[in-house]
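Subject: Structure handover

Hello,

Here is the structure for you to look over. My notes follow below it.

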Amino acid sequence: MKSQVLFDKLAEAVREQGPSMMKAGNAVFRIEVEDAGHQGVFLLDLKNGKGSAWVLMAGGNTRSDVTVKIFDDDMWAICQGKFTGKDAFMMNKLRVKGSDELVDRLFGIIDNVMAFEA
């Protein structure tokens, strides 16, 4: 799963930049990579404690403020800067449950941690 690179970078960023990420996010984000099975559900908690990021195991359920559902290749294309989260939504490559504002925050965070890495 290509999105694992993103998940790893988000987790590392939370460990290294927790307070600034908490300020930027102030929400619990759920990313579901639809074609990755149980390994493709990632939680980014930038609302509670010092922040945390983890893969949600099968059957686990954690409340999130926003949920984004996307396929692995499309998430990777966003990570590489081929199109934005808004573009993905307009192209019907992204499904969202929750606030558009929070989705914008999430993709701003993703842009910052990925820095358009190939």
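Start with E12. Its relative accessible area is 36%, so E12 is partly exposed. E12 sits in helix 1. Between E12 and M1 there are 18 Å, C-alpha to C-alpha, at a sequence separation of 11 residues. Please bear in mind that this is a predicted model.

**Helix 1 and S3**

S3 also belongs to helix 1, which spans residues 3-25. S3 counts as buried because its relative accessibility is 0%. The side chain of S3 makes a polar contact with the side chain of D72, at 2.5 Å. Beyond four places in sequence, S3 touches V33, D72 and M75.

**Helix 2**

D72 and M75 take us to helix 2, where both are among the buried residues. Helix 2 runs over residues 72-79, and seven of its eight residues are buried. Besides D72 and M75, the buried set has D74, W76, A77, I78 and C79.

What covers them? The cover includes helix 1, strand 1, strand 4 (66-70), helix 3 (85-90) and helix 4 (100-114).

Look at helix 4 in particular. Its axis lies 9 Å from that of helix 2, and the two pack at an angle of about 65°. That makes helix 2 roughly perpendicular to helix 4. On the helix 2 side, the contacts come from M75, W76, I78 and C79. On the helix 4 side, they come from F107, I110 and M114.

G81 follows helix 2 and has a positive phi, near 80°. G81 lies in the loop between helix 2 and helix 3. With 39% relative accessibility, G81 counts as partly exposed. The C-alpha atoms of G81 and M114 are 9.1 Å apart, across 33 residues of sequence.

F29 is in strand 1, residues 28-33. Is F29 buried or exposed? F29 is buried, because its relative accessibility is 0%. Setting aside residues up to four places away, its contacts are F42, L43, L44, L46, S64, V66, L102, R105, L106 and I109. F29 and F42 are 13 residues apart along the chain, and their C-alpha atoms are separated by 8.2 Å.

V41 is in strand 2, residues 41-45. V41 is buried as well, at 14% relative accessible area. Not counting residues up to four places away, V41 touches R30, I31, E32, W54, V55 and L56. From V41 to W54 there are 13 residues along the chain and 8.6 Å between C-alpha atoms.

D45 is another residue of strand 2. Have a look at its charge. D45 is buried yet has no salt bridge. The nearest side chain of opposite charge is that of K47, 7.7 Å away. The D45 side chain does have backbone nitrogens within reach. One is the backbone nitrogen of K47, 2.9 Å from a polar atom of that side chain. Another is the backbone nitrogen of N48, also at 2.9 Å. Leaving out residues up to four places away, D45 touches M22, A27, V28, G51, S52 and W54.

**Salt bridges**

How many salt bridges does the structure hold? There are nine. Three pairs are described here.

- R30 and E32: the closest N and O atoms are 2.5 Å apart. R30 and E32 are both buried. R30, E32 and K69 are linked in a network of salt bridges.
- R95 and E34: their side chains meet at 2.3 Å, N to O. The pair links distant parts of the chain, with R95 in strand 5 (residues 94-98) and E34 in the loop between strand 1 and strand 2, 61 residues apart. R95 is partly exposed at 45% relative accessibility. E34 is partly exposed at 33%.
- D74 and K93: the closest N and O atoms are 3.5 Å apart. This pair also links distant parts of the chain, from D74 in helix 2 to K93 in the loop between helix 3 and strand 5, 19 residues apart. D74 is buried, with a relative accessible area of 13%. K93 is partly exposed, at 31%.

Best wishes

Conventions. Residues are numbered from 1 along each chain as its sequence is written. This is a predicted model: local features need pLDDT of at least 70, side-chain atom pairs count only at pLDDT 80 or more; totals for chains, interfaces and linings use all residues. Side-chain values use heavy atoms; hydrogens and water are left out. Helices (H or I, at least four residues) and strands (E, at least two) are DSSP runs, numbered from the N terminus. Buried means under 20% relative accessible area, exposed over 50%, partly exposed in between (1.4 Å probe, protein chains only). Contact means heavy atoms within 4.5 Å. Lys and Arg count as positive and Asp and Glu as negative; His and the chain ends are not counted. A salt bridge is a side-chain nitrogen of Lys or Arg within 4 Å of a carboxyl oxygen of Asp or Glu. A polar contact is a pair of N or O atoms within 3.5 Å; within protein, one must be able to donate a hydrogen and the other to accept it, and residues adjacent in sequence count only if both atoms are side-chain atoms. Axes are lines fitted to C-alpha atoms, for helices over the stretch in contact, and angles run from 0 to 180 degrees between N-to-C directions. Angles under 35 degrees count as roughly parallel, over 145 as roughly antiparallel, 65 to 115 as roughly perpendicular and the rest as oblique.
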